[in-house]
Amino acid sequence: MSKEHTSIHDFDINLICEYFSNLERQGPGSPEITLRALSFIDNLSEKSRIADIGCGTGGQTRVLAQHSPGTITGIDLFPHFIELFNSKSRELNLQDKLKGLVGSMDSLTFQNEELDLIWSEGAIYNIGFERGLNEWRTFLKTGGYVAVSEASWFTEDRPAEIEEFWMDAYPEIDTIPNKLAQLQKAGYIPIASFILPEKCWTEHFYAPQVAAQEAFLKKHAGNATAEGFIANQRREMQLYNTYKAYYGYAFYIGKKI
Ligand code: SAH
């Protein structure tokens, strides 16, 4: 495939990290949507063990912590995100409930059947939806839940430009019925799925980035990598505005059988 445009994976990881550190969220979502997904989970108690995989700086983890019993471990690959995660937990006096650890989603160190709930918003794509669901299942108790949000097609056919963008960025993007079939095949009862409303992208994800982009460009004036990265972010936002009828994020909630 020709690579006319770069993808986020091609940029300096430290720059990406710095850029996203200044934002409450590193992916599309909102507190309301986190709570809507949480409303399908009915097995939690004070003893529950929850993991938030690819937690970033923890915007959604703090919402979870404030609305569910039990303790939560946030895992992210980037130490700086975890530093912010832990300092924000302390600010909210949530440090006894919420612990951030540096780690990778492809080598988690939980015990088999240790967890009651595995949460992951906008992050499972890093390992792949099917692989993540299959591998993480080991750590869940029978009757435990998985709740993940994932890029999904809304229609059977899509315009070529957006199809090509996603085939380059994340070829595992698929329709909601296909994702649900994968969830079931991986050993979960498909409890629910729903599409994240547009404002999870516009208001909660892209709007805060507009100001962050200006500041970032000012700070890194003359740095071609930084400028290329911001151009890429802006292009992604434009693509979303043009093609949002065809794709977005959906939440998938499954229960381990
Ligand atoms: N859940 C957060 C962050 C989503 S962005 C939110 O919704 O705001 C995806 C996150 O996955 C980033 O924080 C990134 O650092 C993390 N990530 C990427 N690869 C990872 C890996 N192999 N293991 C753990 N986390 C990873």
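Residues are numbered from 1 along each chain as its sequence is written, and side-chain values use heavy atoms, with hydrogens and water left out. Because the model is predicted, local features need pLDDT of at least 70 and side-chain atom pairs count only at pLDDT 80 or more, whereas totals for chains, interfaces and linings use all residues.

Two packed helices are described by the angle between their axes and the distance between the axes. The axes of α8 and helix α9 (residues 224-243) come within 11 Å and cross at roughly 155°, where axes are lines fitted to C-alpha atoms, for helices over the stretch in contact, and angles run from 0 to 180 degrees between N-to-C directions. Helices and strands are DSSP runs (H or I, at least four residues, for helices; E, at least two, for strands), numbered from the N terminus. The helices α8 and α9 are therefore roughly antiparallel to each other, a term applied to angles over 145 degrees. Residues of α8 that make the contact (heavy atoms within 4.5 Å) include Trp201, Tyr206, Gln213 and Phe216, and those of α9 include Phe229, Ile230, Gln233 and Met237. By class, this contact of α8 with α9 has 10 nonpolar, 4 polar and 4 charged residues, with Ala, Val, Leu, Ile, Met, Phe, Trp, Tyr, Cys and Pro counted as nonpolar, Asp, Glu, Lys and Arg as charged, and the others, Gly among them, as polar.

Within helix α8 (residues 199-219), Gln213 is buried, with a relative accessible area of 2%; buried means under 20% relative accessible area, exposed over 50%, and partly exposed in between (1.4 Å probe, protein chains only). Leaving aside neighbours within four places in sequence, Gln213 is in contact with Tyr19, Ile230, Gln233 and Arg234.

A search of the whole structure finds 11 salt bridges, each defined as a side-chain nitrogen of Lys or Arg within 4 Å of a carboxyl oxygen of Asp or Glu. One of them joins Arg234 to Glu214, with the closest N and O atoms 3.3 Å apart. Arg234 lies in helix α9 and Glu214 in helix α8, so this pair ties together parts that are 20 residues apart in sequence. Arg234 is partly exposed at 31% relative accessibility, and Glu214 is partly exposed at 46%.

Another salt bridge is formed by Lys256 and Glu113 (3.5 Å, N to O). Lys256 lies in strand β8 (residues 247-256) and Glu113 in the loop between β3 (98-102) and β4 (115-121), so the pair ties together parts that are 143 residues apart in sequence.

Terms used
Parallel < 35°, antiparallel > 145°, perpendicular 65-115°, else oblique.
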